[in-house]
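Please look through the sequence and the model shown here before reading on. The paragraphs that follow lead from the whole chain to a few of its residues.

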Amino acid sequence: MAREQLNSAAYSWNGFAERQELAAALAGHVAGRLTKAIAERGTGLLAVSGGTTPAKFFAALSAMPIAWDKVIVTLVDERFVPASSPRSNAGLVAANLLQNAAKAARFVPLYHEAVGIEDAAASDNAALQSLPWPLDVVVLGMGPDGHTASFFPDADDLAKLLDPSSDRIVLPVHAASAGEPRLTLSLARIVDAGFIALHIEGEDKRTAFDSAVAPGPRKPIRAVLDAAAKPVEVFWAP
Ligand SMILES: O=C1O[C@H](COP(=O)(O)O)[C@@H](O)[C@H](O)[C@H]1O
């Protein structure tokens, strides 16, 4: 059960005492949304984040008894590295989510060998057109700098990345702080999802979230909160 529940127009705060408890609760919400989508339109479209936070949530979700053969999983964002790299978000998903019952899901990666991320983003854009948009569920993460997806505060052309009316599905990202070039779903596709969750853990991320929603410079996560038609469900544990 959520330890604390706070609401504002832009988000609902679901606080938990333990990370494992959060993982189980978030997995339950996501499974419920996917089950509903499968019943209504025969398929469930899920986009998940990478990084270090989601492993426990992925393990819990992978065991949920849903019709995984009707679920398509893709990524919110990806580092421009092959799946064999320890930095690969696809590698994290393969090792932790596409296991157990969830082995039956179809995974659509963002990384493909290409001359550069502009070419990779263009081919992803074409390949992902055929998915059954909108997303039923998107699970975002956030860095202590307030980046979410690969919307880094120092990214080139940040305004273009954060354009909520973009007709792009996937965009290339160059940002000095990102480590390597990135591929990211557009803000427009993220905020159009039926259920938007933000999964963050640790006091540093709570502080970063609090400062992002306070008056002041607009951090990328704030762009999601501002553009989403419904409140973002924030899942946090210390
Ligand atoms: O680089 C990334 O970082 C964020 C946050 O990751 P975390 O390690 O702090 O959990 C993540 O949401 C994103 O997918 C990833 O590419």
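**From the whole chain to single residues**

In this predicted model, the mean positions of the 21 positive and 26 negative charges of the chain are 4 Å apart. Some of the charged side chains meet in pairs, and the structure holds eight salt bridges. Several of these pairs are discussed below, after an account of the chain as a whole.

The chain contains eight helices and 11 strands. Along the principal axes, its C-alpha atoms fill a box of roughly 50 × 45 × 35 Å. How does the radius of gyration of the chain agree with that of a compact globule? For 238 residues, a compact globule would have a radius of gyration near 18 Å, and the 16 Å of the chain agrees with this. Of the 238 residues, 54% count as buried. The accessible surface of the chain comes to about 9800 Å², and carbon and sulfur atoms account for 55% of that surface. Contacts can also be viewed by their separation along the sequence: among those between residues at least 6 apart, 75% join residues at least 24 apart.

One of the salt bridges is formed by Arg19 and Glu201, whose closest N and O atoms are 3.6 Å apart. Arg19 lies in helix H1 (residues 19-41) and Glu201 in strand S10 (residues 195-201), so this pair ties together parts that are 182 residues apart in sequence. Are the two partners buried or exposed? Arg19 counts as partly exposed because its relative accessibility is 33%. Glu201, in contrast, has a relative accessibility of 9% and therefore counts as buried, the limit being under 20%.

Another salt bridge joins the side chains of Glu180 and Arg87, at 2.7 Å from N to O. This pair links distant parts of the chain, 93 residues apart. Glu180 is in the loop between strand S8 (170-173) and strand S9 (182-185), while Arg87 is in the loop between strand S5 (77-79) and helix H3 (89-96). With a relative accessible area of 15%, Glu180 is buried; Arg87, with 34%, is partly exposed.

Arg182 counts as buried, at 4% relative accessibility.

The last stop is Thr148, in the loop between strand S7 (137-140) and helix H5 (158-161). Thr148 has a relative accessible area of 1%, so this residue is buried. Which residues does Thr148 touch, leaving aside those up to four places away in sequence? They are Leu140, Gly141, Leu198, Pro220, Ile221 and Val224.

Conventions
Residues numbered from 1 in each chain as written. Predicted model: local features only at pLDDT ≥ 70, side-chain atom pairs only at ≥ 80, totals over all residues. Heavy atoms only, no water. Helix = DSSP H or I, 4+ residues; strand = E, 2+ residues; numbered from the N terminus. Rg over C-alpha atoms; globule rule 2.2 N^0.38 Å. Buried < 20%, exposed > 50% of the residue type's maximum accessible area, 1.4 Å probe, protein only. Contact = heavy atoms within 4.5 Å. Areas by Shrake-Rupley, 256 points an atom, 1.4 Å probe, with all protein chains shown as cover. Lys, Arg positive; Asp, Glu negative; His and termini not counted. Charge placed at Lys NZ, Arg CZ, Asp CG, Glu CD. Salt bridge = Lys/Arg side-chain N within 4 Å of Asp/Glu carboxyl O.
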